[in-house]
Amino acid sequence: MIKIERLNYRFLILLSTVLGCAILAFFVGFVRKETIVYTHFFYIPILLAGVWYRKKAVYVALFLSLLYILITLFSPQATLSRYVFERSAIFVAVAYVIGLVSEERAKGEEKLKETKEYLDNIITSSADAIVVVDMEGIVRSWNKAAEDYMGYTAEEVIGTSNKKFFAEPEEAERIMEIVQRDGKLKNYRTTVLNKDKKPVHISMSAALLKDRNGIPIGTVRVSRDITKEVELEEKIKEERDNLNLILESMDDGVYIVSKDYKVEFMNKVLIDAFGDHVGDICYKAFHNRDDPCPMCKNPEVMKGKTVRWEWHSRRTNRTYDLFETPLKNIDGTISKLTIFRDISDRKRMEDELRDAKERYRVIFEHALTALCVIEHGKFVSLANKEFEILSGYSREEIKGKKWIDFTADEDRDRVQNYCEKRRKGEAPACSEFKFVSRNGNIKHVNAWIEPIPGADGCIASLLDMTELKKKEEELRETCKRLAELDKMKSDFLNVAYHELRSPLAPIVGYASMLERCELSDKGKRYLYNIEQSARQLEKLINRMLELARIDGKKIELSLGWVHLPELVSEVVKSLEPEAKEKRQKISMSIPDIEIQADKQKLIAIFSNLVSNAIKYTPEGGKININVGDRGEDIRACVADTGIGIPEEHLPKIFERFYMVDTSLTRKSGSLGLGLSIVKEYVKLHGGIVWARSEVGKGSEFFFIIPKRQKTIKEGA
Amino acid sequence: MGEKKKRVLIVEDAAYMREMLQEMLHQEERSYEVVGFAVNGKEAVEKYKELKPDIVTMDLVMEEMDGIQAIRGIKKYDPNALIIAITALGMSEYKDAALAAGADEYLWKPFTIKNLFEALERLLRKRGNEGNE
């Protein structure tokens with residue numbers, strides 16, 4: 001309709017100009033009767049026709065030429081001349097040329113139109129929305145697809161601002177900015193609102209439209225409804241989030257790194273261990289390297305392989321079992337997912353277990369008893385070196401042999417179910433039986449059978465007692481012989497004592513009788529010497545016996561209450577003759593107390609100390625006996641002004657038979673027994689004894705004994 | 001001391017001891033009289049039965065029958081017998097054994113004449129006390 005109307009309009013104008021030209025020419029020719037008919041205005045319809053009707057303009061030109069000729073012919077003044085025809089021809093030529101040019105142009109326009117239609121068709125039929133927006137944000141074009149998913153028709157939106165379409169109004173400016181800056185926009189995701197104000201996710205690509213001079217005039221935008229994709233993505237993301245949540249809560253470390261070694265994810269376990277390095281380049285962050293680590297499995301994983309390997313982190317000093325697998329991302333790229341399982345403890349335990357196993361193997365192998373493992377109470381499954389030696393079989397031969405095979409016939413029944421009984425706790429751990437070795441030798445063994453916890457087996461430990469039994473027998477024999485010898489010794493000592501003392505009896509006896517006889521001074525002196533020697537001899541014999549008894553068996557104290565001053569006086573009195581002979585002075589200071597002691601032994605203690613002092617103190621020396629009451633115990637000191645004892649001898653003087661001087665020039669009359677008897681007796685009383693001495697100045701002998709004995713045993 | 005001399009039987013295997021004991025006792029002739037000797041336990045018991053002495057000095061170590069047995073033998077025959085054991089044996093066990101067998105006194109060799117008479121006096125005093133009881 002519009003087309004037709006437009007055509008008519010053109011036709012009318014043309015017709016009216018042609019008519020106008022005709023009237024004007026007629027008027028000039030016939031009314032004004034000009035000599036020359038003016039025809040310049042004829043060009044107007046010719047031009048119009050040429051432009052509008054192209055080559056058809058020739059007809060208009062011909063018509064006007066004819067009109068011109070006719071008017072000229074019939075006009076009263078004008079004359080038909082060559083000029084008229086020339087001009088007419090020019091009209092036609094002009095019309096033709098213009099028509100030709102128009103034709104050419106129209107052809108081009110036609111083509112253009114076709115192209116435009118083609119494009120319009122594309123635009124219309126495109127599934128993607130194609131919208132043209134000018135620089136002010138006003139919509140200039142709006143295709144069918146845009147109508148479809150936005151709900152607005154082209155008429156509704158063309159000429160209006162595009163701001164209202166975006167969920168975020170600023171988005172319109174942002175897009176315009178990017179397109180202006182970059183000249184294009186690619187796969188830009190945004191959300192628009194349709195007519196119902198429902199959000200539609202689109203992916204938009206845009207380009208800048210420029211006019212011929214390169215001035216931007218607008219943008220063309222191609223958008224695709226990707227709501228479904230976005231929803232899917234969101235779902236995937238949600239799932240990924242769930243996955244991450246699972247990954248976060250895992251005990252194992254989880255780590256995702258991109259193809260480009262960028263850390264995309266670390267779960268809490270890993271962050272705690274290594275710090276948060278999400279977003280960092282893994283080899284830089286974890287290994288301080290400028291390039292990927294040589295052991296990195298990224299290239300392999302990127303090829304789609306799943307890799308499992310063990311890695312020891314020096315930083316955490318822990319060992320991880322790494323499980324690395326490709327992880328396809330939404331955008332189609334692949335990342336590497338690594339599961340870190342901390343196996344340090346397991347490894348350590350494995351190591352320990354291995355060590356322990358090895359240790360036990362060594363212990364088992366090198367134990368000095370024969371060891372074997374008995375499976376199911378019957379078969380020997382494992383044996384050590386010592387078992388090989390005991391049995392005479394090689395280990396290969398032993399393996400699988402019955403346990404009973406090593407048992408002597410008479411012991412078989414007993415040993416048969418021994419393991420089983422042991423397990424039930426019905427048999428003692430240790431049993432003795434006769435073991436048969438390869439060559440048929442019988443060995444007495446002690447067997448310890450222990451059930452192996454949690455296994456149907458026992459471990460048997462066999463000790464070859466054959467030699468031991470023999471040794472035991474020998475030892476018993478030796479003991480018996482020694483006991484006999486001991487008895488012989490003590491018998492001998494007793495006899496020796498008796499036999500030594502017996503001859504003393506007449507010496508002492510007759511000497512005592514001789515005292516009653518009338519003797520010359522010389523005789524008295526001789527007698528005195530005899531008596532002294534006899535007493536000395538008796539003392540030595542007594543000491544020997546005492547010591548033999550101390551040596552042999554324990555002697556017990558005959559305890560009683562002893563009045564100390566009385567006891568010491570008695571001792572001093574008995575020793576006075578010796579002291580007097582050497583013109584020595586014995587002084588004493590004794591508290592008036594009674595102590596619980598063995599009187600005879602206490603006398604022995606004092607008399608040994610005092611007689612020693614007398615012996616080793618030169619003529620005219622002094623001897624002091626001092627006893628201090630210290631409450632719980634007494635401290636006694638026998639001091640002399642004697643020759644003293646060299647320091648190196650001091651620690652040994654209480655040893656039996658120890659003599660400071662053993663040269664032939666020593667003071668005779670001592671066997672080195674006195675002080676050892678003192679020591680033994682003081683010890684028996686629960687006391688201690690020691691000495692202090694300075695050579696040339698004298699010695700001090702101390703002893704401390706409790707006033708009361710712990711085990712009160714009143715002496716006979 | 002009673003007016004009556006104490007009759008003493010000396011049991012000793014060593015001749016020199018027998019002689020010495022006799023010598024010693026004769027120093028107190030008014031109180032003691034050696035009535036016989038025995039050289040072993042068996043003879044001692046026989047002699048005791050035969051002589052019925054007041055006091056027996058008994059050596060413990062003798063052939064054939066030792067002193068302990070002899071003490072028992074005599075005491076069995078006469079519980080009132082007065083026996084003084086005289087020995088060179090050092091161990092107190094022997095003293096205990098002798099006393100347990102019935103010896104009334106104990107004297108260690110070697111001894112002086114004084115020791116002997118002290119022991120005898122103790123012995124007689126003891127018997128005197130017992131007599132009084």
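This is a predicted model: local features need pLDDT of at least 70, side-chain atom pairs count only at pLDDT 80 or more; totals for chains, interfaces and linings use all residues.
Reader: Which strands stand at the edges of the open sheet of five strands in chain A?

Author: The strand order in this open sheet is β7-β6-β10-β9-β8 of chain A, and the pairing is antiparallel. A strand at an edge has a single partner strand, so one side of it is left without a neighbour in the sheet. In chain A that applies to β7 (263-266) and β8 (307-313).

Reader: What is the average twist from one strand to the next in that sheet?

Author: The sheet in question is the open one of five strands, ordered β7-β6-β10-β9-β8 in chain A. From one strand to the next, its twist averages 25 degrees.

Reader: Which residue is the bridge partner of F323(A) in β10(A)?

Author: Strand β9 of chain A covers residues 318-328 and strand β10 of chain A covers residues 334-342. These two strands pair in the antiparallel sense over nine bridges. Within β10(A), F323(A) has as its bridge partner I339(A).

Reader: Which residue in β5(A) stands opposite V131(A)?

Author: Strand β1 (residues 129-134) of chain A is antiparallel to strand β5 (residues 216-225) of chain A, with six bridges in the pairing. In β5(A), the residue opposite V131(A) is R221(A).

Reader: Which residue takes a positive phi in the hairpin of β4(A) and β5(A)?

Author: Strand β4 (residues 199-210) of chain A pairs with β5(A) in the antiparallel sense over nine bridges. One of the bridge pairs joins K210(A) to P216(A) in β5(A). The hairpin has five residues between the strands, and the residue with a positive phi near 85 degrees is G214(A).

Key
Residues are numbered from 1 along each chain as its sequence is written. Chains are lettered from A and ligands numbered from 1 in the order in which they are written. Two strands pair if DSSP finds at least two bridges between them. Helices (H or I, at least four residues) and strands (E, at least two) are DSSP runs, numbered from the N terminus. Axes are lines fitted to C-alpha atoms, for helices over the stretch in contact, and angles run from 0 to 180 degrees between N-to-C directions.
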